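Subject: Handover of a structure

Dear colleague,

Please find the structure below, followed by an account of what was found in it.

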Amino acid sequence: MDLQKYEHDPVFIFHKSWWTDEGYVQRGLDRETNEKIERLVPFSDIKEVLIGPAWIRMHARSRDSSGKKKNLYRQGLRLVFRVESNGDITYLSFLSETKKDVDSWIQRIHTHAIPAYVTDLDLHEAKRKDFDLHYETIIRQPLHEAGLDFPELIDLKNEEFAPPQWKPDSFFKRKEREEARSKSRMKKIRLVIFIGTFLVALVWIPHWPLDDDMNVMFLMLGILALLFPTYLHNAWKPVQSLLDTVMVGAALFAGLTTANLYTPITAAYYSTTWTTLLIFAVFHNGAFFLSRFRNKKDIRPTRKR
């Protein structure tokens with residue numbers, strides 16, 4: 001698998017790639033001219049290749065001998081080609097997941113006499129920027145000395161057998177930036193939910209038939225649909241769902257209290273709203289803790305080099 005299609009290129013939009021007798025070819029669009037172009041990386045510009053494990057996390061989980069649940073991984077290999085041209089250095093990355101594909105890569109490397117090295121660090125989550133800044137820090141051995149052991153069949157193993165992950169300083173800084181941007185977006189979503197819920201309580205709830213449960217269901221599902229995705233992509237504190245429940249409750253009762261300024265709000269509406277909030281709290285907090293369970297963090301060791 002060509003991993004270049006997952007990397008942002010400021011001047012080029014990747015479409016497809018292939019290997020020829022001359023080297024590696026990319027086809028895509030020039031971002032400035034919007035014209036289709038092909039780019040060749042000749043074998044003479046490929047100075048070395050680094051091969052390392054790439055453990056791909058699966059959705060399924062297994063139990064170890066003690067009965068504790070562990071994350072499951074599929075084994076693969078990450079191949080990182082170091083390219084030098086006109087004084088510039090860049091890196092091309094590929095993912096291999098089968099013995100046949102691995103053998104094909106090794107044959108290509110030997111055919112063109114590309115110096116090859118191996119590392120025992122898991123390179124799966126590394127990005128091009130990490131290699132740009134910290135490639136030289138990776139401890140590696142020549143392929144002909146260390147050898148390369150890859151299973152004949154696709155194999156699943158749990159996290160206790162996984163190699164340490166390579167996570168240089170740039171990896172953690174990138175994750176911090178991504179988390180900050182994500183939390184900023186989620187805060188905006190919460191602001192929209194607060195204002196929207198307040199307006200619903202202000203304008204809509206005072207006109208609800210008290211015996212109509214459909215309105216209650218649509219309100220709860222609407223808020224859940226907006227909030228739940230924010231839990232899937234962020235490592236929130238355990239009390240976050242409780243805080244969100246308080247936020248929704250505050251918006252509901254603030255809206256009703258404000259509505260009382262233009263139309264009488266009976267105790268029955270406050271009671272119905274309170275019941276709605278309690279039902280919402282049960283489903284909402286249940287969904288939150290379910291998402292935390294599914295997004296259990298890896299406990300694998302890491303190394304910077």
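How many helices and strands does the secondary structure of the protein chain come to? The answer is seven helices and eleven strands, where helices (H or I, at least four residues) and strands (E, at least two) are DSSP runs, numbered from the N terminus.

This is a predicted model, in which local features need pLDDT of at least 70 and side-chain atom pairs count only at pLDDT 80 or more, while totals for chains, interfaces and linings use all residues. Residues are numbered from 1 along each chain as its sequence is written, and side-chain values use heavy atoms, with hydrogens and water left out.

Overall figures

The protein chain has 305 residues, of which 42% count as buried. Buried means under 20% relative accessible area, exposed means over 50%, and partly exposed lies in between (1.4 Å probe, protein chains only). The chain exposes about 17,600 Å², and carbon and sulfur atoms supply 59% of that area. Accessible areas come from the Shrake-Rupley method with a 1.4 Å probe; for residues, only the protein chains shown count as cover. Among the contacts with a separation of 6 or more, 69% are between residues 24 or more positions apart, a contact being heavy atoms within 4.5 Å.

Salt bridges

A search of the whole structure finds ten salt bridges, each defined as a side-chain nitrogen of Lys or Arg within 4 Å of a carboxyl oxygen of Asp or Glu. One of them joins the side chains of R27 and E38, at 2.7 Å from N to O. This pair links distant parts of the chain, with R27 in strand β2 (residues 23–30) and E38 in strand β3 (residues 36–42), eleven residues apart. R27 is partly exposed, at a relative accessible area of 32%, and E38 is partly exposed at 47%.

A salt bridge also forms between the side chains of R82 and E84 (3.0 Å, N to O). R82 counts as buried because its relative accessible area is 10%, whereas E84, at 30%, is partly exposed. Both residues belong to a network of salt bridges that links E48, R82, E84, E136 and R140.

In helix α4, K175 forms a salt bridge with E178, and their closest N and O atoms are 3.8 Å apart. The two residues are three positions apart in this helix, so about one helical turn separates them. K175 has 36% relative accessibility and is partly exposed; E178 is partly exposed as well, at 32%.

Surface patches

Patches are made of residues with over 30% relative accessible area and no salt bridge; like charges are joined within 9 Å, and nonpolar side chains (Val, Leu, Ile, Met, Phe, Trp, Tyr) within 5 Å. Lys and Arg count as positive and Asp and Glu as negative, while His and the chain ends are not counted. The place of a charge is taken as NZ of Lys, CZ of Arg, CG of Asp or CD of Glu.

A patch of positive charge on the surface gathers K129, K173, R177, R181, R185 and K188. Helix α4 (residues 169–204) contributes the largest share of this patch, five residues, and K129 is found in helix α2 (residues 128–134).

A nonpolar patch on the surface consists of L191, F194, I195 and L199, which together have about 350 Å² of accessible area. Within this group, I195 is placed in helix α4 and is partly exposed, at 42% relative accessibility.

Individual positions

Where is A126 found? A126 lies in the loop between β7 (116–118) and α2, and it is buried because its relative accessibility is 4%. Leaving aside residues up to four places away in sequence, A126 touches R78, F131 and W166. The C-alpha atoms of A126 and A54 are separated by 9.7 Å, and the two residues are 72 apart along the chain.

P229 is placed in helix α5 (residues 213–232) and is partly exposed, at 36%. Its C-alpha atom is 9.7 Å from that of F288, 59 residues away along the chain.

Most residues other than glycine have a negative phi. N34, which is not a glycine, has a positive phi of about 60°; this residue lies in the loop between β2 and β3 and is exposed at 56% relative accessibility. A113 likewise has a positive phi, near 50°. A113 is found in the loop between α1 (99–111) and β7, and its relative accessibility of 64% makes it exposed.

Yours sincerely
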